[in-house]
Amino acid sequence: MAGHVCSYGANGAGALAAARKERPDLVMLDIMLPDLSGFEVCRQIRRDPELYAVPVVFFSAMNSEEEIQHGLAQGADDYICKPFEMGNLLQRVERLLGNARAATKDEVTSLLSAEGVKRELQRKISRDEAFSLAYVELTDLRGFLKLAGPAGRDKAVRRLGKSLTACARTVVGEDAFIGHMGSGHFVCLFPQQGAQEFCGLIRAAWLECREELYDAVGHGAGYRESAALPGGRQGFPMLDVQCCVTSRGARSMLAAKDLFDVISKLRAKALQAAGSGTY
């Protein structure tokens with residue numbers, strides 16, 4: 001009645017088969033199913049190369065905080081406790097569908113957006129892959145925005161996105177995944193080997209192209225003056241690259257939230273220190 005076309009399944013195996021056949025825009029799963037649990041159906045969806053990006057929402061009478069967190073760790077996008085109010089359910093369905101539509105290429109960089117990053121990260125976790133996660137950030141981008149304006153900021157972000165892609169291909173070929181989280185923030189996913197080499201390479205590439213960027217936005221003279229002074233010219237924004245890296249091994253219990261918690265702590269320490277380099 002809300003305008004959606006729905007299919008129904010009486011058990012986990014049937015729902016999984018229907019999802020693989022019909023390629024739905026969204027999957028809603030109860031947890032207590034007569035064969036496969038909803039948790040296992042969700043894990044199989046996240047491992048499926050054709051379905052892993054489909055939003056999944058659990059709805060269940062299992063309403064403890066531990067159960068909710070466990071459900072989200074299996075790769076679900078939302079968890080709704082029974083009994084639920086229909087209007088709230090429909091709002092959350094629309095939000096998930098909207099997020100899925102937004103998981104396309106980012107307008108500024110043409111890389112996948114934050115939602116696409118989330119899907120790819122969960123796919124790797126569900127397939128129990130060993131990988132490294134590098135969080136790459138342009139430091140002092142806010143100051144650069146005041147200096148060069150929105151067009152200049154976007155030019156800097158695009159430049160870093162292209163450098164990230166080129167450096168990743170140099171180090172690990174096509175096995176790397178680069179996504180743009182917004183502003184000057186990027187996430188790079190690699191096989192476990194190669195992330196540290198990549199981070200060194202990307203910072204060297206950034207420092208090499210930085211003067212050209214400032215020339216392109218009309219502030220090359222200010223850049224050269226600042227670069228010539230110990231500690232830089234006061235008040236002049238010097239864009240730099242900061243990388244924070246963690247990893248997840250095969251058979252690890254680490255979820256996506258755990259990885260980003262580690263990155264958040266590393267980033268806080270990095271900002272207290274030099275604010276650039278690899279951590």
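This is a short chat about the predicted model shown above.

Q: Hi! What kind of model is this, and how are the residues numbered?
A: Hi! This is a predicted model, in which local features need pLDDT of at least 70 and side-chain atom pairs count only at pLDDT 80 or more, while totals for chains, interfaces and linings use all residues. Residues are numbered from 1 along each chain as its sequence is written, and side-chain values use heavy atoms, with hydrogens and water left out.

Q: Thanks. How many helices and strands are in the protein?
A: The protein has nine helices and eight strands. Both are DSSP runs numbered from the N terminus: helices are H or I with at least four residues, and strands are E with at least two.

Q: And what does the C-alpha trace span along its principal axes?
A: The span is about 70 × 40 × 35 Å.

Q: How much of the protein is buried?
A: Of the 279 residues, 44% are buried. Buried means under 20% relative accessible area, exposed means over 50%, and partly exposed is in between (1.4 Å probe, protein chains only).

Q: New topic: how many salt bridges does the structure hold?
A: The structure holds 23 salt bridges. A salt bridge here is a side-chain nitrogen of Lys or Arg within 4 Å of a carboxyl oxygen of Asp or Glu.

Q: Which residue does arginine 20 pair with?
A: Arginine 20 forms a salt bridge with aspartate 48, and their closest N and O atoms are 3.1 Å apart. Arginine 20 lies in helix α1 (residues 12–22) and aspartate 48 in the loop between α2 (38–47) and β2 (56–60), so this pair ties together parts that are 28 residues apart in sequence.

Q: Are those two buried or exposed?
A: Arginine 20 is partly exposed at 39% relative accessible area, whereas aspartate 48 is buried at 13%.

Q: What about aspartate 78 and arginine 95?
A: Their side chains meet in a salt bridge with an N to O distance of 3.0 Å. Aspartate 78 sits in strand β3 (residues 78–81) and arginine 95 in helix α4, so the pair ties together parts that are 17 residues apart in sequence. Aspartate 78 is buried, with a relative accessible area of 9%, while arginine 95 is partly exposed at 40%.

Q: Where do glutamate 120 and arginine 123 lie?
A: Both lie in helix α5 (residues 114–126), three residues apart, which is about one turn of the helix. Glutamate 120 is buried at 6% relative accessible area, and arginine 123 counts as buried at 14%.

Q: Okay, the backbone now. Where is the cis peptide bond?
A: The cis bond joins lysine 82 and proline 83, with omega about -5 degrees. Proline 83 is in the loop between β3 and α4.

Q: What is the phi of aspartate 128?
A: Aspartate 128 has a positive phi of about 55 degrees, although it is not a glycine. Aspartate 128 is in the loop between α5 and β4 (131–139) and counts as partly exposed at 31% relative accessibility.

Q: And serine 183?
A: Serine 183 is not a glycine, and its phi is positive, near 50 degrees. Serine 183 is in the loop between β5 (177–182) and β6 (185–191), and at 46% relative accessibility it counts as partly exposed.

Q: Last one: which residues make the nonpolar surface patch?
A: Phe84, Met86 and Leu90 make this patch of about 240 Å². Patches are made of residues with over 30% relative accessible area and no salt bridge, where like charges are joined within 9 Å and nonpolar side chains (Val, Leu, Ile, Met, Phe, Trp, Tyr) within 5 Å. Methionine 86 is in helix α4 (residues 86–102) and counts as partly exposed at 47% relative accessibility.

Methods:
Accessible areas come from the Shrake-Rupley method with a 1.4 Å probe; for residues, only the protein chains shown count as cover.
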